[in-house]
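Student: Let's go through the labels used for this structure. I would like each one set against its cut-off.

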Amino acid sequence: MTDPPDLAQETLRELLDAEKACPDPPPEVGQRVFTRLSTSLGLPPGAGDAMPTSPGPTVAPTPVRTGLLRRTLAGSSGRGLATFLVGAAVGAATYGTVQHIRQKSELPAPPAIVTAPPAPEPPSRPPPPPPAETAEVATVAAQPPATAPSRVRETEPNLGDARDRGLAAERKLVEMGRTALARGHTDLAIAALRRHTQAFPSGQLAEERDSLLVQALVAKGEFSQARQRAARFHRQHPHSLFSPVVDQALRSIP
Amino acid sequence: MTDPGSHPKPFPGDPETSAQRPPDLPTIYRSELAYVWKTLRRLGAPLPDLEDLAHDVFVVVHRHLGDYDPARPLRPWLFGIALRVVSDFRRLQRNLREVPAERVEPVDAAPTPHERMEGTEARALLMKALDALDLDRRAVFVMHELDEVPVPEIASALSIPLNTAYSRLRLARADVAAWIVRFRSAERRRDD
C-alpha cells in the first residue's frame, strides 16, 4: 500500500515548517567565525561587538505541526527515538574526537603535504595522473566510495582534478599557518607558510599566504624581515584586499 | 508551500532603506550569519565544516561587496555565494571517503524536550530527503520552499533561465515527495 500524493505533500509541509523553525547557531559560533574573519580580512577590532549574544526570540522554534509527521515518525517512535538518541550521542562523541584529533594534528607539521608539492598545472595540459601532493588525499582517493553512488555523483564530471586538489593542499597549508598564528605559535605559522611558498610559489592563495607571513613575522619580532616582506607584498600585489592587514601589522611594530 | 511566482512579503534581510551604499561586512555578518549558517546546512554542508564554510562565504562577500547592488535583496545574493562555496567544497571533497554524518542540532532550551526531539528529527528527515537531490535542484528547492524566494528572483540570483528554475523546482518537489513515500513505506514494512 502506498501513500496518496497528498499525504506526502502534507508531510513535506510539516517537515518544511520544522526546518523553518530551526534555531540559529549558538552565539559563540558567531564569535569564533568573526574572530577568524577579523584575522583573515583585517576587520577592526570590535566590529563584531554587536553580535547577538543570545539566541533571542527568533530561535524559539514554533511547535511543529505534528499530524502526519507524528504518524510518519510514530511507527518507529520507540525505536526511532532510541536510534536517534544513540546516534546523536555517537555523533557528538565522534565529532568531539575528530575535532580533538584535528586540532592536535594541525599544529605539528604534517610531512605528507610538503614532501611532494604539486605544481599548479597549466590549463592547457591534459589532465595528468593525480600527483602525490598529499599522502592523505592520495590514500583516501584510492579507497572506493563508502556510500551508494547518488545521482549527484553519477552526473558529476570525472573525479579528481589536479587543480582542485592543488588548491585543497594549498588551503590546508595556509589554514595551518592561520590557525597557528591565531594561537600564537608563530614558528609553526611561519614554517607552514614557508612550506606553502616552496610548494606553491605562485599558488592561488599566494596573496593570502604572503599577508599572513608578514603578520607572523611581526608577531615573532622579526621586524626588519617583516618590513621587507611587506614591501615585496605591496610590489607583487599592489591592489590586494589584504593590504590593510599587512599595513596594520606593520603599524603594530613598536 | 508557496505559489511560484507570488511573493507578497519582502524577503527577510532586504536592505530596509534600499540605500545606494551597500552595507558593510560587519553589518551583514551580524544580521545574516544565521541565514548563511542555515543555508549552508540546507545545501548539505557537513556539520563539522560549517564554521569553515561560513568563514569562506563571508570572505567572498567581503571581496565582492562592491559588486552587490543594494537595490536588490541581499539574501538571494548571499545564497548564490553560499551555493558556490558549497559546490566548490563538494568538488574538493569528492575523492574523500564520504561518511554520512549524524546531524546533531544545537540544543535549545525553549521548546519542550518532546517538541525539540520531534523538531530535530523532522529537520534531520528533511535533510535526508534533500540529500537525495542534486545540488542544482536542492538549491532551487531550498530557496523557494524555505526562504520563500519567488522563482524569477531565484533564476536571477542563480543566473539560470526562468524555465529551468521552474523545472528544477518541480522535479525537486517530486523527488522529495517520492522520497517521503519511500520512507513511509519502509517504516511501515519494518513495523509489520
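Tutor: Start with a crossing: α1(B) and α2(B) cross in a right-handed way. The near helix is then turned clockwise from the far one; left-handed is anticlockwise by less than a right angle. The model is predicted: local features need pLDDT of at least 70, side-chain atom pairs count only at pLDDT 80 or more, and totals for chains, interfaces and linings use all residues. Residues are numbered from 1 along each chain as its sequence is written, while chains are lettered from A and ligands numbered from 1 in the order in which they are written.

Student: Why are α1(B) and α2(B) called oblique to each other?

Tutor: Helix α1 (residues 25-42) and helix α2 (residues 50-64) of chain B pack at about 135°, with axes 10 Å apart. Axes are lines fitted to C-alpha atoms, for helices over the stretch in contact, and angles run from 0 to 180 degrees between N-to-C directions. Under 35 degrees is roughly parallel, over 145 roughly antiparallel, 65 to 115 roughly perpendicular, and the rest oblique. The pair is therefore oblique.

Student: Which residues of α1(B) and α2(B) meet?

Tutor: Contact requires C-beta atoms, placed from the backbone, within 7 Å. On the α1(B) side they include L33(B), V36(B) and W37(B); on the α2(B) side, V57(B), F58(B) and V61(B) are among them. By class, this contact has 13 nonpolar, 1 polar and 1 charged residues. Nonpolar covers Ala, Val, Leu, Ile, Met, Phe, Trp, Tyr, Cys and Pro; charged covers Asp, Glu, Lys and Arg; the others, Gly among them, are polar.

Student: What makes α5(B) and α7(B) roughly perpendicular?

Tutor: Helix α5 (residues 135-146) and helix α7 (residues 162-191) of chain B pack at about 90°, with axes 8 Å apart. That angle is why they count as roughly perpendicular. Their contact has 7 nonpolar, 1 polar and 6 charged residues. Among them are D136(B) and R137(B) in α5(B), and R168(B) and D175(B) in α7(B).

Student: What is the pattern of chain B along the sequence?

Tutor: It reads α-α-α-α-α-α-α. Chain B has 7 helices and 0 strands. Helices (H or I, at least four residues) and strands (E, at least two) are DSSP runs, numbered from the N terminus.

Student: How do you know whether L65(B) is buried, partly exposed or exposed?

Tutor: Count the other C-beta atoms, placed from the backbone, within 10 Å: 20 or more is buried, 12 or fewer exposed, in between partly exposed. L65(B) has 13, so it is partly exposed. L65(B) sits in the loop between α2 and α3 (74-93) of chain B. Leaving out residues up to four places away in sequence, L65(B) touches P22(B) and L25(B).

Student: What about E148(B) and S159(B)?

Tutor: E148(B) has 16 such neighbours, so it counts as partly exposed. S159(B) has 7, so it counts as exposed. Neither is a glycine, yet phi is positive: about 60° for E148(B) and about 55° for S159(B). E148(B) lies in the loop between α5 and α6 (151-158) of chain B, S159(B) in the loop between α6 and α7.

Student: Why is α10(A) called mostly covered?

Tutor: Of its 15 residues, 11 are buried. They include L212(A), L213(A) and V214(A).

Student: What span does α10(A) reach, and what is expected?

Tutor: Helix α10 (residues 206-220) of chain A reaches 21 Å from its first C-alpha to its last, close to the expected 21 Å. The expected span is 1.5 Å times one less than the number of residues. G221(A) follows α10(A), with a positive phi near 95°.

How values were computed:
Contact = placed C-beta atoms within 7 Å.
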